[in-house]
Amino acid sequence: MNMQQFTLSFNMLQQRILVLFLSFLSLFGVASGAPADWKEKTIRENLELVASWQIAHPVKRSHLHWTYGAFYSGLVQYALAHPQSMKLQAVRTVGEGSQWGVLKRPYHADDHVIGHAWMEMAMEDGNPAAAEKIRAVLDKVMARPSSASLKFQTPGCQDRWCWSDALFMAPPVFAKLAAYTGDRRYLEFMDREYKAAYDYLFDKKEGLFYRDSRYFTIPAANGKKMFWSRGNGWVIAGLPMILQDMPRDWPTRTFYVNLLKRMAAALKKCQSPDGSWHASLMDPAEPPLKEMSGTLFIMYGMMWGVNQGYLDEKEYLPVIRKAWQAACDAVNAEGALGWVQPIADKPGHYSGNDTEVYGSGAYLLAGCELRKWVIRQDHPRRKTVSVANPLNVFRPRETVSVPWNPGKGRDSSRLRVFDVRNGCVIVHQLADTDGDGRMDTLLFQSNFRAGASRDFWILENSSLDAAPAEEVCFSRHVPERLDDFAWENDRTAHRIYGPAVSRPAPEGEGLVSSGTDVWSKKAGVPVINEFYKKGDYHRDRGNGLDMYHVGPGRGCGGIAVFRDGKAHVSSNWARVRTLYNGPVQTAFEVSYAPWNVGGGMKAAETRKVTLDAGSHFTRVRSSVTLNGGNSSEIRVGAGMDTGKKRNSYEVVTADREAGIVAAWSRPRGDNGCFGTAVMVPWAPDGAAEDGEGCSYWTRSMKSGNSFDWYMGAVWSKASPVKSAEQWEKEVRRVRDCIRTPLRVKVR
């Protein structure tokens, strides 16, 4: 043997020894602290373990860095699935501390990934500030798109998506912005740039992505093509994030679905016997180690595909089961996920002690998606409620109403509503909406993204913990304050006046009014009982105040009967009763005694009034009956105070075609401004005003029929709405949602 042959043999021996040593480390390097059985409780505890460890062990870099952006993608998903974990507050703390900012490279996809979390918080919390800065950055990119080459390391190439990681970092943020704003341009831009990257980096023969153009010619150590597991993990993990926010009828949706299927099939062939995907997909011996970030991102993409029915369960569940076992074996007793390749752009060496925040994010994404599958299997008799938003408008906290037949043997205490997208049990309410003494309607709420659909499971006899619920929507008679009747939710509060207040002083106030008062209140804080208990609510002591003036007018909302050009209004309510209160909706019924409307006729009104959590608007269904005279038709109007003498309105907007009238007050010193509005979902056939400075939309109707109208109010100190323009925009958004309801299917 010559020296050259000896040296070659010695080097091969060294390599084999290194392979054996690294394989030994891979098997025994980390003590497992995460059982891998597919039970909901076990998975949930594993997720909490990993999330808590990562939060308690921050990395010394900006939390806006791409590594943290990937972690927060997973943490937000876990926190939405488990609100009781309080992990959303960790995301809010980072967001508020950074003023929901982004890093300084406007075109670089790595600096966009924090937008995954920011956009979710904007939609979940109804907080537009969380979306403002990332939206401004992407608007700048779209306004002046880069035309740089996709060839890596050429000037400006990373101003575009010229490396596979970018397809996780940026495109989902564009999809979320489209879902939030309804602006199609975000999806159109994403389609163009994504397709360019796909055409350039995707190997159609192998079904995998090159990390970037350098690896077109740089092979793996065994001479095969170089495909990096985390690089492909970034891509397949980004696809669910795009698809879940993309409208079902979007023209290119099939492209993304087919790409998910194609990549899953290719990656399935690359899984190592230990259940993981090693760093080099076609050379698993370089190095011969499980790599958890790539493994978990790949598992997440596959698991989501199975849950959506895009991937066959029988074919992919064994693959996923092995991957989850490998991942759980890599978690130590404290919750640290090992075997994560450090920041890199190609396969490299690492150990069981190596961990990174993006690895924890991938674990949370994969585990949350697996948990959904387990819950589905645990509830074979579930019903699915599919809710589609036909509008190209984001709809926050909108109520879904589903017919409910309690039947015999049903235990309503174990009924759960499961939000499939977020993976969580959500608050629901059973209500008797027809007043026959039996529950007939199931109510729950969610937000609905522009043009998209979302599923909910109705689970009976479930062992899942119920969502914590509070009586957010509340109404009651207030006999201790001259027969007021008051109602509120987490956003707004109102009252109407009863018989006692109409009596002359000192027994009453001599106020004859069927108008509606507005209480400006701090968001999320119940005030009715506190205000009445203290009896001092005309000064803001931290929770809000009454600074609105009703008088004999319509206040924030009321009706009138019109005859001979005059408005005829009722007196104070005569009878009232709460129908139900709850976390989702309150409802009450109020009657007004007959009043003269001219021509020897009297009109009587009965209203059913409902207010949903999260809404600034109360729905009123008024039924008006005529007595006396010889007419069976009546002209009625729904209106509100628009004059300047009582409430100092600065701006009043009236749009007959839209059926809205909205007003915005002048500033009330330190108490800010308030807005009020009335809207009708029908086409008014006329408009009217009365001597009290109130404006109405009118219509003709037959005696005994009913009509709907809505009244709303907002306070600038307790809402993102800070101006007349913003209030009018919100009023029109709500009007559009009322006229085009959600499409609900139960199967």
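**Cores, helices and sheets**

Colleague: Which residues of the largest nonpolar core touch the most other members?

Modeller: Among its 135 residues, W161, L296, M302, W324 and Y363 touch the most other members. Helix α14 (residues 357-378) gives the most to this core, with 11 residues. This is a predicted model, in which local features need pLDDT of at least 70 and side-chain atom pairs count only at pLDDT 80 or more, while totals for chains, interfaces and linings use all residues. Residues are numbered from 1 along each chain as its sequence is written, and side-chain values use heavy atoms, leaving out hydrogens and water.

Colleague: What makes a set of residues a nonpolar core?

Modeller: The members are buried Ala, Val, Leu, Ile, Met, Phe, Trp, Tyr and Cys residues, joined through side-chain atoms within 4.5 Å. Buried means under 20% relative accessible area, exposed means over 50%, and partly exposed is in between (1.4 Å probe, protein chains only). A second, separate core of 46 residues includes C556, V620, M640 and W697.

Colleague: Which residues is M302 in contact with, leaving aside its neighbours within four places in sequence?

Modeller: They are A264, L267, K268, W277, L311, Y316, V319 and I320. Contact means heavy atoms within 4.5 Å.

Colleague: What makes the pairing of the H116 and S73 side chains a polar contact?

Modeller: The term needs a pair of N or O atoms within 3.5 Å; within protein, one must be able to donate a hydrogen and the other to accept it, and residues adjacent in sequence count only if both atoms are side-chain atoms. The contact between the side chains of H116 and S73 is at 2.8 Å, so it falls within that limit. A polar atom of the H116 side chain also lies 3.1 Å from the backbone oxygen of F168. H116 and G74 are 42 residues apart in sequence, yet their C-alpha atoms are 9.6 Å apart in space.

Colleague: Does E193 count as buried or exposed?

Modeller: Buried: the value for E193 is 11% relative accessibility. E193 is found in helix α9 (residues 185-201) and touches R160 and W161, not counting residues up to four places away in sequence.

Colleague: Why is α10 largely enclosed by the rest of the structure?

Modeller: Of its 15 residues, 15 are buried, so the rest of the structure largely encloses α10. This helix (residues 229-243) reaches 22 Å from its first C-alpha to its last, close to the 21 Å expected.

Colleague: Why do β4 and β7 stand at the edges?

Modeller: Each has a single partner strand, so one side of β4 (395-403) and one side of β7 (428-431) are left without a neighbour in the sheet. The open sheet has the order β4-β8-β7, with antiparallel pairing.

Colleague: What makes β4 and β8 paired strands?

Modeller: Pairing requires that DSSP finds at least two bridges between two strands. β4 and β8 (residues 441-448) have seven, so they pair, in the antiparallel sense. E398 stands opposite S446 in β8.

Colleague: How many bridges join β22 and β23?

Modeller: Six, in the antiparallel sense, between β22 (residues 649-655) and β23 (residues 660-665). The two strands form a hairpin with four residues between them, and G659 in the turn has a positive phi of about 75°. A654 stands opposite V661 in β23.

How values were computed:
Expected span 1.5 Å × (residues − 1).
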